[in-house]
Structures are given as structure tokens and as C-alpha cells.
Amino acid sequence: AFLEGKHHYAFRPGERAEVIGFKIVTPEGGLEPRPCFEVKYEDGKTDFVPLASVNDGSYSIAGHTS
């Protein structure tokens, strides 16, 4: 599966990234741990997308790259 940023403030909006894992991530700054998708972009860059960002429509789930 792939995630695609839909909101203009999403990381790399409009680009699809392959989901490579699902982890609990604790952000810097004393924020609470949160469930996140681990994703990898075509250029090899990895990132974490919070499940809440998918639930609120900032990212969408896609089943293929095109």
C-alpha cells in the first residue's frame, strides 16, 4: 500500500510513498507517543505519517503507484 499527502501542509503533498512499517513514535518536545505509518519515497527518503493524519484526510491510502 502507499500513502499520498492530500493537504498542502503534508510532507511532499501529491507524492506517493510506500508503507514499509507501522510503529509507535514519540515525537521530540515531550509530545505523547502516537501510532505512525513508516513510509519510503521513491528517492529513498523515509518518514513517519501519524495514523491521525490519515483519519483526518491529510493523507490517503492508495493500493498502487499510479
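Strands here are DSSP runs labelled E, of at least two residues, numbered from the N terminus. Two strands pair if DSSP finds at least two bridges between them.

A word on where this comes from. The model is predicted, so local features need pLDDT of at least 70 and side-chain atom pairs count only at pLDDT 80 or more, while totals for chains, interfaces and linings use all residues. Residues are numbered from 1 along each chain as its sequence is written, and side-chain values use heavy atoms, with hydrogens and water left out.

How confident is the predictor? pLDDT is its confidence in each residue, from 0 to 100. The chain averages 94, and 97% of the residues score at least 70. Confidence is highest in strand E3 (residues 34-40), with a mean of 98, and lowest in E5, with a mean of 93.

Now the sheet as a whole. In what order do the strands of the open sheet stand? The order is E4-E3-E2-E1-E5, 5 strands with antiparallel pairing. E4 (46-50) and E5 (59-62) stand at the edges with a single partner strand each, so one side of each has no neighbour in the sheet. On average, neighbouring strands are turned by 45° against each other, direction ignored; the axes behind such angles are lines fitted to C-alpha atoms, for helices over the stretch in contact, and angles run from 0 to 180 degrees between N-to-C directions.

Let's walk through the pairs. E2 and E3 run antiparallel and are joined by 7 bridges. E1 and E2 are antiparallel too, over 3 bridges, and here Phe-2 has Glu-18 in E2 as its bridge partner. On to E1 (residues 2-5) and E5: this antiparallel pair has 4 bridges, and Leu-3 stands opposite Ile-61 in E5.

Leu-3 also brings us to the largest nonpolar core. A nonpolar core is a set of buried Ala, Val, Leu, Ile, Met, Phe, Trp, Tyr and Cys residues joined through side-chain atoms within 4.5 Å. Buried means under 20% relative accessible area, exposed means over 50%, and partly exposed is in between (1.4 Å probe, protein chains only). This core has 9 residues in all, among them Leu-3, Ala-17, Val-39 and Tyr-41.

Take Ala-17, which is found in strand E2. Its relative accessible area is 1%, so Ala-17 is buried. Contact means heavy atoms within 4.5 Å. Not counting residues up to four places away in sequence, Ala-17 touches Leu-3, Val-39 and Tyr-41, among others. Ala-17 and Ala-62 are 45 residues apart in sequence, with their C-alpha atoms 9.4 Å apart in space.

Next, Glu-4 in strand E1. Is Glu-4 buried or exposed? Glu-4 counts as buried because its relative accessibility is 11%. The Glu-4 side chain makes a polar contact with the side chain of Arg-16, at 2.8 Å. A polar contact is a pair of N or O atoms within 3.5 Å; within protein, one must be able to donate a hydrogen and the other to accept it, and residues adjacent in sequence count only if both atoms are side-chain atoms.

Last stop: Gly-29, in the loop between E2 (16-25) and E3. Gly-29 counts as exposed because its relative accessibility is 75%. Gly-29 and Glu-42 are 13 residues apart in sequence and 29 Å apart in space, C-alpha to C-alpha.

Technical notes: pLDDT = per-residue confidence, 0-100.
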